[in-house]
Amino acid sequence: MKQFKYAAAVLILFSFMVAAGITLALTAHTDSAKEDFNRIIAQHIGSSIQTQLSEPVAVAQVIAADTFLCKTLQSEATLPQEETAALLAPYLYVLQQQSQYASIFVVSEKTRAYYTASGIAKTLDPQKDPYDVWYQLFLDSGKDYMLDSKRDQLNGYRWILFIYRRILSTDGTVLGVCGVGIYMDSLQEQLSAFEATHAVKICL
């Protein structure tokens, strides 16, 4: 009788250990599968965002290397500012109409004039408007280009994702900065769609 009780106790203990082992294995497998799933979703989302941003980054790069733009900025010393604006405004207007971006602009290093498709929108002066500090911060970063999201003064303070690109002369002198801005709405809509489809929460 004692041997039977002992055997039963051993069997129960063994069954418990096996059950615990299976549970742990299943939990580990589930966690591993979930991690793999999250990694795949993250890669897919990252790839989609990269694809969406690759075009405006390329556009900013093309603008910064444009011979007409570089020569116009170099001629600021001999031209009245209004004439420079008259040259750049239609150039930026055509670019903006073709691309349908929220904003395309050029800032001159020489005069700090902020040129848009409508002419000179403002002259950057961080002392008077702290909003303008972005320009020097970008140049001081030493980077060729940078992404920056903020509420744009010239677009009713809507959230815009800007791609800044420095404009250099052939000898490497900084002539200014050009920028391409896209509305954050479209990016937010895309991320919301991902969240709804995959039941995840995306934090950038």
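Trainee: Which residue is the bridge partner of Lys150 in β5?

Mentor: The bridge partner of Lys150 in β5 is Ile160. Please bear in mind that this is a predicted model, in which local features need pLDDT of at least 70 and side-chain atom pairs count only at pLDDT 80 or more, while totals for chains, interfaces and linings use all residues. Residues are numbered from 1 along each chain as its sequence is written, and side-chain values use heavy atoms, leaving out hydrogens and water.

Trainee: What makes β4 and β5 a pair?

Mentor: Two strands pair if DSSP finds at least two bridges between them. β4 and β5 (residues 158-168) have 8 bridges in the antiparallel sense, and therefore they meet that criterion.

Trainee: Why do β1 and β2 also count as a pair?

Mentor: Antiparallel β1 and β2 are joined by 2 bridges, and the requirement is at least two, so they qualify. Val107 stands opposite Tyr114 in β2. In the hairpin of these strands, which has 4 residues between them, Arg112 has a positive phi near 60°. On β6, β1 has 6 bridges, again antiparallel, and Ser103 has Gly181 as its bridge partner there.

Trainee: What is the order of the strands in the sheet, and which are called edge strands?

Mentor: The open sheet of 6 strands has the order β3-β2-β1-β6-β5-β4 with antiparallel pairing. β3 (119-123) and β4 (145-152) are the edge strands, since each pairs on one side only. Strands here are DSSP runs of E of at least two residues, and helices are runs of H or I of at least four, numbered from the N terminus.

Trainee: What makes β1 a mostly covered strand?

Mentor: Buried means under 20% relative accessible area, exposed over 50%, and partly exposed in between (1.4 Å probe, protein chains only). In β1, 6 of its 6 residues are buried. Ser103, Phe105 and Val107 lie on one side, and Ile104, Val106 and Ser108 on the other. In a regular strand the side chains alternate between the two faces of the sheet.

Trainee: How do you know that the length of α5 agrees with that of a helix?

Mentor: The expected span is 1.5 Å times one less than the number of residues. For the 15 residues of α5 (184-198) this should be 21 Å, and the end C-alpha atoms are 21 Å apart, which agrees.

Trainee: What places the buried residues of α5 on the same side?

Mentor: Those residues are Met184, Leu187, Leu191, Phe194 and Glu195. They cover an arc of only 100° around the axis, and therefore lie on the same side of α5; the arc is that of the directions from the helix axis to the C-beta atoms. On the other side, Glu189, Ala196 and Thr197 are exposed.

Trainee: What is meant by a nonpolar core, and how many residues has the largest?

Mentor: A nonpolar core is a set of buried Ala, Val, Leu, Ile, Met, Phe, Trp, Tyr and Cys residues joined through side-chain atoms within 4.5 Å. The largest has 32 residues, and those with the most contacts inside it include Ile45, Val106 and Ile167. Its largest share, 8 residues, comes from α1.

Trainee: With which residues is Val106 in contact?

Mentor: Contact means heavy atoms within 4.5 Å. Leaving aside neighbours within four places in sequence, the partners of Val106 include Leu69, Leu73, Tyr115 and Ile167.
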